[in-house]
Each structure stands twice: as structure tokens, then as C-alpha cells.
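Welcome! Here is a short briefing to read alongside the sequence and the 3D view.

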Amino acid sequence: MNAHPLVSPLEALERIHMRFADTGNLVRTGGRVSDVTATHIMVEGLTRTARLGDVVEHRSRTGLRLGEVVQISANRVMVSPFDRSADAGVGETVTIVGALGLAPDTSWRGRAIDALCRPIDGLGPVAPGTDATARAAPAAMSRQRVDKGFRTGVKVIDIFTPLCFGQRMGVFAGSGVGKSTLLAMLANADAFDTVVVGLIGERGREVREFLEDTIGAAMKKTVAVVSTSDESAMMRRRAPETAMSVAEYFRARGDRVLLVLDSITRYAHALREVAIAAGEPPVARGYPASVFTDLPKLLERAGPGPVGEGSITAILSVLIDGDDHNDPVADATRGILDGHVVLDRSIAEQGRYPPVDPLASISRLAPKAWNPEERKLVTMLKALIARFEDTRDIRLLGGYQPGADHELDQAVRQVPLVYAALAQTPHDGPSMDPFADLAIGLKPREQAGANAAN
């Protein structure tokens with residue numbers, strides 16, 4: 001049973017009640033709270049009717065509360081509340097109200113909502129759409145092919161790891177390296193009809209700055225789904241699913257949708273918290289097996305839609321715990337996505353922004369975005385950069401002799417100019433033609449160097 005988006009939990013429940021009031025189809029199945037922990041409540045009397053994922057309500061001394069069934073045993077069910085704490089008392093009545101469906105609408109553009117579709121921007125209630133969405137990933141053979149590239153406006157991305165409509169790309173980095181800044185630059189790409197931004201576990205003070213300053217004028221075509229770090233694990237778990245459902249709605253209308261999720265790692269942390277509380281054993285560095293089942297279920301929903309629909313281009317940030325690029329979440333996510341951009345802390349410490357490592361980054365769909373000349377140029381640039389970086393220690397120790405190796409001489413002369421030409425901040429604005437900008441950045445400096453040598 002699906003409900004309209006929540007303006008408030010009470011209003012949503014009243015709508016459910018009204019829908020079935022005349023037909024008598026609504027069966028109010030109730031149980032009672034038997035145990036309460038800091039994050040969950042146990043309910044007796046619902047085991048025969050409850051299903052995993054069902055939403056329940058109970059009225060505590062502080063008002064109406066909603067939660068979700070996360071475990072069912074022979075004698076009781078475990079409910080994880082959407083609020084920050086399980087505010088319940090033993091003996092209180094708990095009632096199943098069914099599954100909460102989402103019914104997005106085009107009027108949601110320009111709005112900021114929480115994981116339950118409640119507005120958080122102070123602009124009044126959001127209008128519910130007519131059709132609730134509960135979608136699975138499109139069938140593999142029904143999807144359209146990915147065959148058209150687009151410009152993000154970020155030079156280092158458009159040159160070394162170009163993107164295509166319907167691609168899923170991950171931005172991998174440790175904390176404080178610049179993931180959110182790069183995502184903000186990518187979110188301003190002009191190639192999309194609709195942008196959906198999911199901020200999962202984000203710092204509360206940064207949300208308004210991100211939406212008003214970074215997104216700015218593009219907010220008129222953006223739907224923001226926000227779950228801050230102080231919210232419950234259930235809200236942080238639901239936020240990316242809500243963002244994906246909103247993106248699917250606009251894709252079904254034929255839009256080219258950009259979905260930005262920051263970060264998928266905090267989504268995995270929320271999955272882990274809920275799963276471990278429900279009794280699942282950890283199998284990989286503290287992560288239960290269900291985490292690695294839920295990640296592809298979410299991410300596979302992005303991409304091109306069936307014929308007649310649009311596409312969802314997903315750009316996801318992946319927080320590397322301890323700068324270990326082989327941690328379980330990063331490793332699992334990298335295998336699902338269509339490419340990855342690696343941000344390197346040492347590059348950021350050198351003052352080069354965005355701190356993208358072009359040698360470690362890859363776009364699996366780059367051949368569809370490059371023309372033959374661009375592909376040849378990028379291959380040459382990567383070879384020069386690899387030679388430059390491989391010999392960095394030798395050159396610092398004084399082991400480099402100009403003229404002994406022509407290829408190394410070329411790398412030493414040109415790679416620093418390439419790095420300087422690719423530098424870009426959010427205040428610089430997007431690059432319309434990155435290869436032309438690179439050429440402009442290199443030619444005058446090369447000519448100046450030649451003149452100085454003469």
C-alpha cells in the first residue's frame with residue numbers, strides 16, 4: 001500500500017485512513033511495545049502480519065512516531081524509528097500502516113526536502129504527484145545504449161575521464177581532499193534538464209551554503225534531498241533511495257537527469273548501523289553482507305532508461321576510510337560503477353585543484369566521448385605524466401641530466417604546464433572547450449620558454 005509524500009507524518013496517515021475509510025479495506029493491525037533500546041523498539045503482536053520494510057506508527061507521550069520494520073522473529077518484530085532516538089514506552093500501541101511510497105512532481109524543482117519528502121526550505125508543503133514510484137532497476141536488455149558524451153565544464157574531467165549521458169561515475173577520496181567541491185562543480189553542468197542532489201550525512205552548517213552559493217541559479221532545476229549527520233540511521237539510509245526515486249520520476253518523463261550523491265559511504269555506514277542492530281554478523285571490516293547487496297540494488301537503478309525515457313547520470317562521492325582505496329565499500333562500489341575519479345591528498349597538498357590523479361582515474365565510456373584526435377592526445381599526455389611522476393624522486397636527488405633522454409626532457413618541460421593549465425576552482429567558471437583551453441595555456445608558455453632559451 002502506497003501513501004503520498006509526507007508533509008507531516010500525521011497528515012500522511014490521515015490520507016491513508018481516508019482512502020480506505022469507505023471500503024473497509026484498511027485493517028489496523030496493532031501490537032504493543034515490549035522492549036526499548038536507544039535506537040530500536042521491539043513489538044509483540046505483529047509477527048503474523050508485518051513484512052520487512054513496513055512502516056509502523058505509535059503514539060508516545062511526545063506525539064506520533066514513525067518507524068520501519070527491520071527484523072521479524074517468531075514472537076516479535078524490531079522497529080527502527082525515523083527519529084533520532086526510540087522515544088517509546090513499554091506497552092504503547094504500535095500499528096502497521098504499510099509502505100511509504102513516493103509520488104514526486106515537477107513542482108519539486110527548486111525545493112529542498114528530507115528523506116521522507118517533508119520540506120525543509122521553509123517554502124511551504126510540496127505538492128504530491130499522481131503516481132507513486134516503487135521502481136526496480138530497468139531490465140538489462142531493455143535499457144538504451146550509452147553513446148553520447150557531454151561536457152561537465154571541469155577541464156581535468158572532460159579531458160582525462162569524459163562522461164556520457166547515463167554513466168555512473170564515482171569520486172574517490174579521503175576526508176578533506178575536495179570531494180564536495182568537485183561535486184559542486186560537476187552539479188552545475190548545463191547539459192541536464194533536471195538535477196537531483198542527495199546530501200547524506202552532511203554537516204548541517206554546509207547544506208545552506210551548498211544549495212544557495214554553490215548550486216545558486218541552477219537550484220531552479222534542482223531537487224535537493226538532505227539528511228544531515230545528526231539524523232537517525234534510518235533517515236540517512238532512506239535519503240539516497242528517495243533521491244533515486246525522484247530521479248527515476250524525471251527520467252520516466254524523458255528528462256536527462258543528473259543525480260549527485262554525497263556520499264555513498266555514509267549510506268553504507270547507515271546500512272551497517274541498521275543491519276548490525278538487527279543482528280546481522282559483520283563479514284568484512286565490520287560491514288554485514290546485506291550492505292554489499294543493497295549497494296548494487298541502489299546504484300543499478302541509475303543509468304539509461306528504456307526506450308522512450310531519459311537517462312540518469314549518477315556522480316557519487318566515495319569517502320575512503322583512512323585513505324585506503326581498497327576498503328570494502330570503495331572496492332565494492334568501484335566494481336559497480338562505470339568509472340572512477342581519484343582525488344589524491346598529495347596533489348591537494350601541492351595546491352593543485354581539483355586534485356585529480358589522471359593516471360589512477362578512468363572512465364570506462366571515454367572512447368564514446370573522445371574523437372580519434374582527442375584520444376591520441378590524451379594517451380600521449382598520460383604517457384608524459386607517467387614519465388614525469390616516475391622520475392620525480394630521481395630528479396629531486398639530482399640524477400636528471402637534460403639532453404640524455406628526449407622523452408624525459410619533454411615531460412619535464414611540458415607536464416608542469418599541463419598541470420597549471422588544468423587548475424580550476426569553482427570561482428573560475430566552467431570550461432566550454434577544455435582542449436582549446438589546454439592549448440591556449442601551453443602555447444604562449446612554450447613559446448616564451450623557446451625565446452628565453454635562444
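How many of the 9 residues of helix H3 (residues 179–187) are buried? The count is 7, so H3 is mostly covered, where buried means under 20% relative accessible area, exposed over 50% and partly exposed in between, with a 1.4 Å probe and protein chains only. This is a predicted model, in which local features need pLDDT of at least 70, side-chain atom pairs count only at pLDDT 80 or more, and totals for chains, interfaces and linings use all residues. Residues are numbered from 1 along each chain as its sequence is written, and side-chain values use heavy atoms, with hydrogens and water left out.

**Helix H3**
- The buried residues of H3 are Lys179, Leu182, Leu183, Ala184, Met185, Leu186 and Ala187.
- Helices (H or I, at least four residues) and strands (E, at least two) are DSSP runs, numbered from the N terminus.

**The barrel**
- In the order S1-S2-S5-S4-S3-S6, 6 strands close into a barrel with antiparallel pairing; two strands pair if DSSP finds at least two bridges between them.
- Neighbouring strands of this sheet are turned by 45 degrees against each other on average, direction ignored.
- Strand S3 (residues 55–60) pairs with strand S4 (residues 63–72) over 6 bridges in the antiparallel sense, and Ser60 stands opposite Gly63 in S4.
- Across S4 and strand S5 (76–81) lies helix H5 (residues 233–252), running at about 75 degrees to S4; contact means heavy atoms within 4.5 Å.

**Strand S18 and its partners**
- From strand S18 (residues 339–342), Gly339 and Val341 point one way and His340 and Val342 the other way, and all are buried.
- Strand S10 (residues 168–173) runs parallel to S18 and is joined to S18 by 3 bridges, with Val342 in S18 as the bridge partner of Phe172.
- S18 also pairs with strand S19 (residues 362–363), in the antiparallel sense over 2 bridges; here His340 has Ile362 in S19 as its bridge partner.

**Helices H7 and H8**
- Helix H7 (residues 289–299) and helix H8 (residues 328–336) have axes that come within 10 Å and cross at roughly 35 degrees. Axes are lines fitted to C-alpha atoms, for helices over the stretch in contact, and angles run from 0 to 180 degrees between N-to-C directions.
- Phe292, Leu295, Pro296 and Leu299 in H7 meet Pro328, Val329, Ala332, Thr333 and Ile336 in H8.
- The residues of this contact divide into 8 nonpolar, 1 polar and no charged; Ala, Val, Leu, Ile, Met, Phe, Trp, Tyr, Cys and Pro count as nonpolar, Asp, Glu, Lys and Arg as charged, and the others, Gly among them, as polar.
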